[in-house]
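Me: I've got a chain open on my screen and a handful of questions about it. Can you walk me through them?

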Amino acid sequence: MASRVEILNEGGFRSDGRRQFELRSIDIDLSQQGHADGSAVITHGLTHVLVSVFGPREAKMRSQTIHDRANINVEVSVAAFSTGDRRKRSRGDKRILEFAATIKSTFEPVIQTSLYPRSQIDIFVQVIQQDGGLLQACINGTTLSLMNAGIPMLDFVCAVSGGVHSTSPLLDLTLLEESDVPNVTIAVMPKTRKVSLVTMETRLHVDRFEEIFRLATDAGLVIHGEMKAAILGRSRNLLGSIEVGSQYQGGHTAVDVDEGMNDFD
């Protein structure tokens, strides 16, 4: 049955005017949000997510304490106005719990939890607006908020979604495209090129999967550049404030931010 929506026209343009492999615009805000130790607001096109990180801190419940590493707790909430169906999802919703479990399993091998035994790291994800690529936005926002909180990680985790329309691969899908084409979300660690997540909720032919996998991995490196630039910009702003305060008090501080980020190249 033919699609009622023109996902990709004869000129090679998608429904929102992008080319096949073109990513949506990314906007990142790492400014302080409330009392969180680290936070990030990230938008992929019209998908808008806020991630807040608290910790490492003492676990509220003894049953959640792990003696040799930190416990990672992830909670996801979706605003009722974030999507067109106006369906209110509670924290016990199956879809929400699956999202939280996926984010937790993605970051457990990446966060250096062994440095914080018998403690807890809380990650709160708030979905403000949805227009496709929700999981990739949540993962990218979580990476940024963890780094903003100063929690040691082995590498960035950069996620992107992809799909196939007929025989044409697409990257960074909108909600319209996700509902019409087989799609997959892939998260990569750019330094080692290791894949930390591959999730697929629809059937995708194995011959097409390899092509999408390669394209999504390359796209993850592009997203990594945007995320690293945002972290460097935030670090420079903070160091600038420290230097101003030190000069006011008669001291002097000079730190090379770029030197410290070379490990993530």
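Here are the questions, each with its reply.

Me: What kind of model is this, and how are its residues numbered?
Reply: This is a predicted model: local features need pLDDT of at least 70, side-chain atom pairs count only at pLDDT 80 or more, and totals for chains, interfaces and linings use all residues. Side-chain values use heavy atoms, with hydrogens and water left out, and residues are numbered from 1 along each chain as its sequence is written.

Me: How many helices and strands does the chain have?
Reply: Helices (H or I, at least four residues) and strands (E, at least two) are DSSP runs numbered from the N terminus. From that end, the order is β-β-β-β-α-β-α-β-β-α-β-β-α-α. The secondary structure comes to 5 helices and 9 strands.

Me: What share of the chain's residues is buried?
Reply: Buried means under 20% relative accessible area, exposed means over 50%, and partly exposed is in between (1.4 Å probe, protein chains only). The chain has 265 residues, and the buried share is 45%.

Me: Which residues touch the most other members of the largest nonpolar core?
Reply: Nonpolar side chains tend to be buried together in soluble globular proteins. A nonpolar core here is a set of buried Ala, Val, Leu, Ile, Met, Phe, Trp, Tyr and Cys residues joined through side-chain atoms within 4.5 Å. The largest one has 54 residues, and those touching the most other members are Ile123 and Leu146.

Me: Which residues does Leu146 touch, not counting residues up to four places away in sequence?
Reply: Contact means heavy atoms within 4.5 Å. With those sequence neighbours left out, Leu146 touches Val53, Phe107, Ile111, Ile121, Ile123, Ile151 and Met153.

Me: Where do Phe209 and Phe213 lie?
Reply: Phe209 and Phe213 form a tilted pair, 5.9 Å centre to centre with 35° between the planes. Phe209 is partly exposed at 25% relative accessibility, and Phe213 is partly exposed at 27%. Because they are 4 residues apart in a helix, about one helical turn separates them; that helix is H4 (residues 206–248).

Me: Which residue lies over the face of Phe13?
Reply: A charge sits over a ring if NZ of Lys or CZ of Arg is within 6 Å of the ring centre and within 35 degrees of the ring normal. At 4.0 Å from the ring centre of Phe13, the residue over the face is Arg19.

Me: What is the distance between the closest N and O atoms of Arg95 and Glu201?
Reply: Arg95 is in helix H1 (residues 94–107), while Glu201 is in the loop between strand E9 (194–199) and H4, 106 residues apart. Arg95 is partly exposed at 31%, whereas Glu201 is exposed at 58%. They form a salt bridge, and the closest N and O atoms are apart by 2.6 Å.

Me: Is Asp172 buried or exposed?
Reply: Most residues other than glycine have a negative phi. Asp172 has a positive phi of about 55° and lies in the loop between E7 and H3. With a relative accessible area of 2%, Asp172 counts as buried.

Conventions: Rings of Phe, Tyr and Trp (its six-membered ring) pair if their centres lie within 6.5 Å; planes under 30 degrees apart count as stacked, over 60 as edge-to-face and the rest as tilted. A salt bridge is a side-chain nitrogen of Lys or Arg within 4 Å of a carboxyl oxygen of Asp or Glu.
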